[in-house]
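Subject: Structure for your files, with notes

Dear colleague,

Here is the structure I promised to pass on, and my notes follow below it. Please read them with the model open beside you.

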Amino acid sequence: MNNFKTAFFFLRLPVAVSLLGHGLVRLPKLAGFSNWMVGTMEKSVIPPALIVPFSYFLPIAEALLGLALLAAFKVRYTLFASIALMSLLILGSCSIENWSAIEAQLLHAFYLMAVYWFWEKNQPNKTA
């Protein structure tokens, strides 16, 4: 069991730090980040009325999910929420045809899914 805990910590560490880092660097400059995101999404079909609240929500969500993943708090729900967040980011990137951002977001999503798979395969009490 100790080997699993160690392996699982180091498996989730990079993606947790990535999420946490994304959130923490944006939190002190929320208004500036929001303005940047609204400007970036100008050509999107997504209305600014949705982009503005999301731009304030995103750094908080990233930081909290990164912390939760580091602490292995509610692992299943944290990973599902992280994958859902990546899916929203992918949708936004698709709407402005930012294909290079999608690559990084897909990589995060696949990595999160691998963390989930590893965690799920090593749970002692499997439920159907």
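Leaving aside its neighbours within four places in sequence, which residues is Leu27 in contact with? They are Pro59, Ile60 and Ala63, where contact means heavy atoms within 4.5 Å. Leu27 is found in the loop between helix 1 and helix 2, helices here being DSSP runs (H or I, at least four residues) numbered from the N terminus. Although Leu27 and Pro59 are 32 residues apart along the chain, their C-alpha atoms are separated by 6.0 Å. Leu27 counts as partly exposed because its relative accessibility is 31%, the classes being buried under 20% relative accessible area, exposed over 50%, and partly exposed in between (1.4 Å probe, protein chains only).

Before the rest, a word on how to read the values. This is a predicted model, in which local features need pLDDT of at least 70 and side-chain atom pairs count only at pLDDT 80 or more, while totals for chains, interfaces and linings use all residues. Residues are numbered from 1 along each chain as its sequence is written, and side-chain values use heavy atoms, with hydrogens and water left out.

Not counting residues up to four places away in sequence, Leu112 touches Val15, Leu69, Leu79, Ser82, Ile83 and Met86.

Helix 4 itself has 21 residues and reaches 30 Å from its first C-alpha to its last, close to the 30 Å expected at 1.5 Å a residue, that span being 1.5 Å times one less than the number of residues. Its buried residues, among them Leu79, Ser82, Ile83 and Met86, pack against helix 1, helix 3 and helix 5. Helix 4 is followed by Glu97, whose phi is positive, near 55°.

As for charged pairs, a search of the whole structure finds 2 salt bridges, each defined as a side-chain nitrogen of Lys or Arg within 4 Å of a carboxyl oxygen of Asp or Glu. In one of them, the side chains of Arg26 and Glu62 meet at 3.0 Å, N to O, and this pair links distant parts of the chain, with Arg26 in helix 1 and Glu62 in helix 3, 36 residues apart. Both Arg26 and Glu62 are buried; Glu62 counts as such because its relative accessibility is 3%. Leaving aside neighbours within four places in sequence, Glu62 is in contact with Leu19, Leu20, His22, Gly23, Arg26, Leu85 and Leu89. Arg76 forms a salt bridge with Glu120, the closest N and O atoms being 2.8 Å apart, and here Arg76 in helix 4 is linked with Glu120 in helix 5, 44 residues apart. Arg76 is partly exposed, because its relative accessible area is 27%.

Key:
Helix = DSSP H or I, 4+ residues; strand = E, 2+ residues; numbered from the N terminus.
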